[in-house]
Amino acid sequence: MTSHAPETERMRDAAHLHHPSRDTAPSAREGGRRRKLALSSVAFLSTTALLAGGCSSSSATGAAPSTPGADSSDGTSARPSITPSPTPTPPPTPSLDAAVKEITDAQWSRMLAAGLWRKGCPDVRDQLRRVEMNYLGFDGEVHRGVLVVNADVTASVVRIFTRLFEEGFPIRRMEPMEAYDGDLNASLRDDNTSAFNCRRPDQINAPFRESPHANGRAIDINPLENPWKDLRSKRWSPSAKDAARTEGKGKILKGGLVWRAFTEEGWVWQDIKVPDYMHFDTGYPSKPFKGPSAALSSSTAEESTPAA
């Protein structure tokens, strides 16, 4: 006899495969719905991200990037820092800036051509020095001048004119006598401060060899403001305009700045028996200068003969 149970069971299992039971079908359907929802959420989030990215990109393109400090919350704008300008260096204080030089052959030739030295004059060629220095002009500006003096007075001359420069005493001009072809009167009229000059016979009032000017140991300062009285004509030279010894620009007064600067160095003012306000020398007859200790006494100055 043949059994039908196994066949029946196979048929039931097949039906179960093609027609799931009510217990399993809902679960499968629920899982499917969840997968669809998950996929839909992913798609939605992706779309949102793309849209958000597009908006951000568009906004960034259309707006200027934010600069820290460009606009503050209180509405003020940041200012660029200013670097202070460096303090300008003040110009150096003017000084005498003296330079003592030997007389060159070229300058000596010019001096000879101008008649500043000739036969009979003191043999001082090797003793003379060219002192180049600054001076304060009547215009208030600093100028460069030259005095030709004996080597033994150069240190004293530099000290004296340093003092005059620093205390603001004005000098009209300062040129060596060859600039005037040795013409004393032309130099005086030009208010020129000068020193060495072995003067011509018609211009002197002292023997050549004894003359302080002919030995480079005398200086005439601002002749117009400080004239002298010519013994031959009994007239003021170069002009009588400033003959009175009153205060005035560029004038020399007893006890004043120029007088003190020279006399404290042993120089003599007006070493002559008539007024000669422009003139300082180291003594007559001229001899080697030994500095302030060699100052002449007032009695010696009074007894000295006219000096050129």
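**Ground rules**

I worked with a predicted model, in which local features need pLDDT of at least 70 and side-chain atom pairs count only at pLDDT 80 or more, while totals for chains, interfaces and linings use all residues. I number residues from 1 along each chain as its sequence is written, and side-chain values use heavy atoms, with hydrogens and water left out.

**The sheet**

I looked up helices (DSSP runs of H or I, at least four residues) and strands (DSSP runs of E, at least two), both numbered from the N terminus. I count two strands as paired if DSSP finds at least two bridges between them. I found an open sheet of three strands in the order β1-β2-β3, with antiparallel pairing. Because β1 (99–102) and β3 (142–150) each have a single partner strand, they stand at the edges, and one side of each is left without a neighbour in the sheet. The twist from one strand to the next averages 25°, where axes are lines fitted to C-alpha atoms, for helices over the stretch in contact, and angles run from 0 to 180 degrees between N-to-C directions.

I then followed β1 and β2 (residues 128–136), which pair in the antiparallel sense over four bridges; Val100 has Val131 in β2 as its bridge partner. Helix α4 (residues 154–166) lies across β1, β2 and β3 and runs at about 5° to β2.

**The nonpolar cores**

I took a nonpolar core to be a set of buried Ala, Val, Leu, Ile, Met, Phe, Trp, Tyr and Cys residues joined through side-chain atoms within 4.5 Å, with buried meaning under 20% relative accessible area (1.4 Å probe, protein chains only). The largest core has 28 residues, and Leu147, Val157 and Phe161 are among those with the most contacts inside it. I noted that β2, β3, α4 and α6 (257–263) each supply at least two residues of this core, and that the largest share, five residues, comes from α4. Apart from this core lies another, of ten residues, including Met111 and Val148.

**The disulfide**

Which cysteines does a disulfide join? With a disulfide taken as a pair of cysteine sulfur atoms within 2.5 Å, I found that Cys121 is joined to Cys198, at 2.0 Å from S to S. Cys121 lies in the loop between α3 (105–113) and β2, and Cys198 in the loop between α5 (184–189) and β4 (218–220), so the pair ties together parts that are 77 residues apart in sequence. The torsion about the S-S bond is about -90°, so this disulfide is left-handed. Cys121 is buried at 2% relative accessible area, and Cys198 is buried at 0%.

Note on methods:
Contact = heavy atoms within 4.5 Å. Buried < 20%, exposed > 50% of the residue type's maximum accessible area, 1.4 Å probe, protein only.
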